Amino acid sequence: MEERKTEERKTPFLQLVLDDFMLLLFLGVTIYAVSYLIWGLIELAWLSPIPAEIKQELLGGR
Amino acid sequence: MALLPPEEGWYFKRVAKDEKMWITLALVVCLILFFWMIVWHIYGKQNPSFTTYRTTPEEFNALTMAFIEKYKVGEMNGIPVVEPPPNSDVFLVGKMWRWEPVLVLRKGQEYRFHISSLDLLHGFSLQPVNMNFMVYPGYDYVLTFKPTSTGEFAIVCNEFCGIGHHMMIGKIIVKE
């Protein structure tokens, strides 16, 4: 009875993910590399310089 | 026997009531702690909103020197003392091993602090208020400050920056 039950029900997708340790390793590295490292680098690359008005006020024509 | 794989179809077995309760409690605690970070940002004055600009130590030093020249009112132990007008841009530079300049501010007025370093990583720690920020060379960290009480406040460097790190103490004087 129990064997028939397990045959009819498919393994849940998340369980398949948790069973694949190489995939888990990949996800463990990739998720943090993207969300911390790459996002951080993108934010740094998009920084703008000090606004010209502020520089103009202090340095004038220099 | 944890070395053996679990029996087939173990994930279809019913979860016991106490395990469900344990998972629920742990999840609730995690969610509370997660959203508490937002509460601390709004009500606890932690993780303040800020702006960052890209700069160079040379450029920031030139801006700070010009700022000091414009608003200098005196000197204290060889460090210039400046009194900028309210609602203006205030430049504060950290370098081995001093904070420059000494700032004289007015209570209840807002100032936009531009903080950067000329050499290596320093830490801006305003005493005795619980405010701490990292100060990097090459980045201008802009924060809006509003002094809420008068007195003299020390700025302590809380990122180890060398042999004179413990002497790197700046000052903010707040007047009525």
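Here are some notes on this predicted model, point by point.

1. Helix α4(A) has three buried residues, A:Ile54, A:Leu58 and A:Leu59. The arc they cover around the axis is only 105°, so they sit on the same side of α4(A). The buried residues of α4(A) pack against α2, β4 (89-95) and β7 (111-117) of chain B.

2. The other side of that helix. Here A:Ala52, A:Glu53 and A:Gln56 are exposed. After α4(A) comes A:Gly60, which has a positive phi, near 65°.

3. A salt bridge between chains. B:Lys70 pairs with A:Glu57, and their closest N and O atoms are 3.8 Å apart. The pair joins two chains because B:Lys70 lies in helix α2 (residues 57-71) of chain B, while A:Glu57 lies in helix α4 (residues 52-59) of chain A. If you are checking distances, note that the cut-off is 4 Å, and this pair is at 3.8 Å. Both partners are partly exposed: B:Lys70 has a relative accessible area of 42%, and A:Glu57 has one of 46%.

4. Salt bridges within chain B. B:Lys171 and B:Glu152 form a salt bridge, with 2.9 Å between the closest N and O atoms. This pair links distant parts of the chain, 19 residues apart: B:Lys171 is in strand β12 (residues 169-175) of chain B and B:Glu152 is in strand β11 (residues 151-157) of chain B. B:Lys171 is partly exposed at 26% relative accessibility, whereas B:Glu152 is exposed at 53%. Another salt bridge joins the side chains of B:Lys72 and B:Glu75, at 3.2 Å from N to O. Of these two, B:Lys72 is partly exposed, at 43%, and B:Glu75 is exposed, with a relative accessible area of 53%.

5. The overall count, and a network. Over all chains there are nine salt bridges. In chain B, a network of salt bridges links B:Lys95, B:Arg98 and B:Glu100.

6. Cysteines. How many disulfides are there over all chains? The count is zero. B:Cys157 takes part in no disulfide, and the nearest cysteine sulfur, that of B:Cys161, lies 3.7 Å away. B:Cys157 is buried, with a relative accessible area of 4%.

7. The nonpolar cores. The largest nonpolar core holds 37 residues, and those with the most contacts inside it are B:Phe67, B:Trp99, B:Leu103, B:Phe113, B:Phe124 and B:Ile172. Helix α2(B) gives the largest share of this core, six residues. There is also a second, separate core of five residues, among them B:Val81, B:Val102, B:Val104 and B:Ile173.

8. A closer look at B:Phe113. Which residues does B:Phe113 contact, leaving aside its neighbours within four places in sequence? They are B:Val90, B:Leu103, B:Leu105, B:Tyr141, B:Val142, B:Leu143, B:Phe145 and B:Ile172. Two of these contacts, B:Leu103 and B:Ile172, are also listed with B:Phe113 among the residues with the most contacts inside the largest core.

Methods
Residues are numbered from 1 along each chain as its sequence is written. Chains are lettered from A and ligands numbered from 1 in the order in which they are written. This is a predicted model: local features need pLDDT of at least 70, side-chain atom pairs count only at pLDDT 80 or more; totals for chains, interfaces and linings use all residues. Side-chain values use heavy atoms; hydrogens and water are left out. Helices (H or I, at least four residues) and strands (E, at least two) are DSSP runs, numbered from the N terminus. Buried means under 20% relative accessible area, exposed over 50%, partly exposed in between (1.4 Å probe, protein chains only). A disulfide is a pair of cysteine sulfur atoms within 2.5 Å. The arc is that of the directions from the helix axis to the C-beta atoms. Contact means heavy atoms within 4.5 Å. A nonpolar core is a set of buried Ala, Val, Leu, Ile, Met, Phe, Trp, Tyr and Cys residues joined through side-chain atoms within 4.5 Å.
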